[in-house]
Amino acid sequence: MDLICSALRKNSHFLVTLNSLDLSYNKFDVETSNALASWISAPNSLKTLNVSNTNILFDRIADAFKRGCMTNLSYLDLSKNKFVNIDKLGEFIQVSQSLQV
């Protein structure tokens, strides 16, 4: 998982070409969540992100969403994850410009 997130960060071409990313059923830890947050925080063209059943640390990536893909992201699957801070998710949904709830 770290290799995928690292490759996303190193290749800026993904920021403008990658529209859909399915990372479901991969196990995230603090480092992986931070790596994904680093990539998401840059403006990108991501429209669909599936991180279901990953144990992703949403509070690590919530602020990154606000900086990076808020204008394009219309589908986000966070199912089968546990949330420590549900307020971060609520804040994210409230400020989302294109997310279809």
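At 2% relative accessibility, Leu 73 counts as buried, where buried means under 20% relative accessible area, exposed over 50% and partly exposed in between, with a 1.4 Å probe and protein chains only. The model is predicted, so local features need pLDDT of at least 70 and side-chain atom pairs count only at pLDDT 80 or more, while totals for chains, interfaces and linings use all residues. Residues are numbered from 1 along each chain as its sequence is written, and side-chain values use heavy atoms, with hydrogens and water left out.

Leu 73 sits in the loop between helix H4 (58–68) and strand E3 (75–77). Helices (H or I, at least four residues) and strands (E, at least two) are DSSP runs, numbered from the N terminus. Beyond its neighbours within four places in sequence, Leu 73 is in contact with Leu 46, Lys 47, Thr 48, Leu 49, Phe 65, Phe 92, Ser 96, Ser 98 and Leu 99; contact means heavy atoms within 4.5 Å.

In soluble globular proteins, nonpolar side chains tend to be buried together.

Two of these helices, H3 (residues 30–40) and H4, have axes that come within 8 Å and cross at roughly 10 degrees. Axes are lines fitted to C-alpha atoms, for helices over the stretch in contact, and angles run from 0 to 180 degrees between N-to-C directions. H3 is therefore roughly parallel to H4, since angles under 35 degrees count as roughly parallel, over 145 as roughly antiparallel, 65 to 115 as roughly perpendicular and the rest as oblique. On the H3 side the contact is made by Val 30, Ser 33, Asn 34, Ala 37 and Ile 40, and on the H4 side by Arg 60, Ile 61, Ala 64, Phe 65 and Gly 68. By class, this contact has 6 nonpolar, 3 polar and 1 charged residues; Ala, Val, Leu, Ile, Met, Phe, Trp, Tyr, Cys and Pro count as nonpolar, Asp, Glu, Lys and Arg as charged, and the others, Gly among them, as polar.

Within H3, the buried residues are Thr 32, Ser 33, Ala 35, Leu 36, Ala 37, Trp 39 and Ile 40. Ser 33 has a relative accessible area of 0%, and its contacts, leaving aside neighbours within four places in sequence, are Phe 28, Ile 56, Leu 57, Arg 60 and Ile 61. At the start of H3, a side-chain oxygen of Asp 29 reaches to within 3.2 Å of the backbone nitrogen of Glu 31. In H4 the buried residues are Phe 58, Ile 61, Ala 62, Ala 64, Phe 65 and Gly 68, and they pack against H3, E2, E3 and H5.

Helix H1 contains Arg 9, which is partly exposed at 40% relative accessibility. Leaving aside neighbours within four places in sequence, Arg 9 is in contact with Ala 35, Ser 38 and Trp 39. The C-alpha atoms of Arg 9 and Leu 36 are separated by 8.3 Å, although the two are 27 residues apart along the chain.

The loop between strand E2 (48–50) and H4 holds Ser 52, which is buried with a relative accessible area of 6%. Its side chain is joined to that of Asn 50 by a polar contact of 2.8 Å. A polar contact is a pair of N or O atoms within 3.5 Å; within protein, one must be able to donate a hydrogen and the other to accept it, and residues adjacent in sequence count only if both atoms are side-chain atoms. Asn 55 lies in the loop between E2 and H4, and its phi is near 60 degrees, a positive value in a residue other than glycine.
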